[in-house]
Amino acid sequence: MEEQRYVVFLFPSVSYALKAEKILKVAGIAHKLIPVPRDISSDCGVCVRITEDKQQDVERELLGKVGWDKVLLL
Amino acid sequence: MPETIDARGLACPQPVIMAKKAIEENEQITVLVDNDMAVENIRRLALKMACGFSVTEKEGGIREIVLVRTGATSQTPIDSEAIAAEMSCAVVAGKETGPLVVILSDNHMGRGDDVLGDILIRSFVHTLLQLKPLPDTVICYNSGVKLVVKDSAVLDDLQQLAKDGVDILVCGTCVNYFEIGDQVAAGHISNMYDIAETMAGAGRLLRP
């Protein structure tokens with residue numbers, strides 16, 4: 001089985017991540033709030049993880065509603 | 001001929017104490033160890049003493065560490081107790097005395113703000129998967145049982161933990177109280193005897 005590839009959306013603050021999560025919940029896009037991986041940041045932050053194929057859907061949903069800093073491949 | 005220290009099979013803090021003694025008497029030493037804790041402790045020793053450090057994986061889980069003294073290397077008296085306290089020996093000692101048990105007694109982490117507490121507990125449970133070694137047991141009681149139900153945001157993490165061999169005990173009384181018995185999707189329903197015995201037999205209890 002091929003390993004699932006994920007991307008994470010990084011936000012300027014926890015409240016942005018929460019807002020994004022609410023939007024994704026309403027949009028029915030599977031996602032997971034996880035701690036920002038250690039190799040990306042040493043801050044105690046959270047980010048939104050989605051499967052790689054959902055990246056464009058997520059960007060479309062969030063655009064104009066909540067800004068994000070970066071999208072990184074895990 | 002560089003000095004070789006065989007610290008295989010020795011418990012923390014022995015390897016790091018032997019390494020410290022040897023590097024103070026030699027320009028370069030080779031240390032053989034067989035566990036990650038010893039590698040990490042010697043790495044920290046090297047950092048503290050400004051020694052060159054390199055580690056090579058050998059067969060059978062043996063690691064060969066080479067320490068090279070640099071000009072700046074300081075010589076301080078060997079204080080075994082101080083080294084033991086400074087290095088992670090307490091953690092190792094704890095591991096040897098009994099299992100690591102994680103207590104999820106709430107579906108939030110910390111007190112003060114439940115929205116934040118929700119984010120924190122989700123991060124915490126997800127991070128448990130990356131602990132090395134993994135916890136032996138996770139016990140869920142009171143509102144902590146809400147973490148193992150179908151719509152829980154950490155259900156997949158707890159299911160993965162269970163798959164990786166972590167025993168997840170779910171308080172039956174609590175599940176009954178919240179009337180979520182039909183929604184439990186990870187771990188197994190347990191009782192206060194098992195819960196109390198598991199806690200009493202733990203080497204360490206971790207409660208977020």
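Strands β6 (residues 137-140) and β7 (residues 167-171) of chain B run parallel and are joined by four bridges. Here, strands (E, at least two residues) and helices (H or I, at least four residues) are DSSP runs, numbered from the N terminus. Within this pair, B:Thr137 stands opposite B:Asp167 in β7(B).

A word on the model: it is predicted, so local features need pLDDT of at least 70 and side-chain atom pairs count only at pLDDT 80 or more, while totals for chains, interfaces and linings use all residues. Residues are numbered from 1 along each chain as its sequence is written, with chains lettered from A in the order in which they are written.

In chain B, five strands form an open sheet with parallel pairing, in the order β8-β7-β6-β5-β9; two strands pair if DSSP finds at least two bridges between them. Because β8(B) and β9(B) each have a single partner strand, one side of each is left without a neighbour in the sheet. The twist averages 30° from one strand to the next.

| Strand of chain B | Residues |
|---|---|
| β8 | 188-190 |
| β9 | 204-206 |

Now to chain A, where the axes of helix α1 (residues 14-27) and helix α2 (residues 55-62) come within 10 Å and cross at roughly 110°. That makes α1(A) roughly perpendicular to α2(A), a term for angles of 65 to 115 degrees. Axes are lines fitted to C-alpha atoms, for helices over the stretch in contact, with angles running from 0 to 180 degrees between N-to-C directions.

Note on methods. Parallel < 35°, antiparallel > 145°, perpendicular 65-115°, else oblique.
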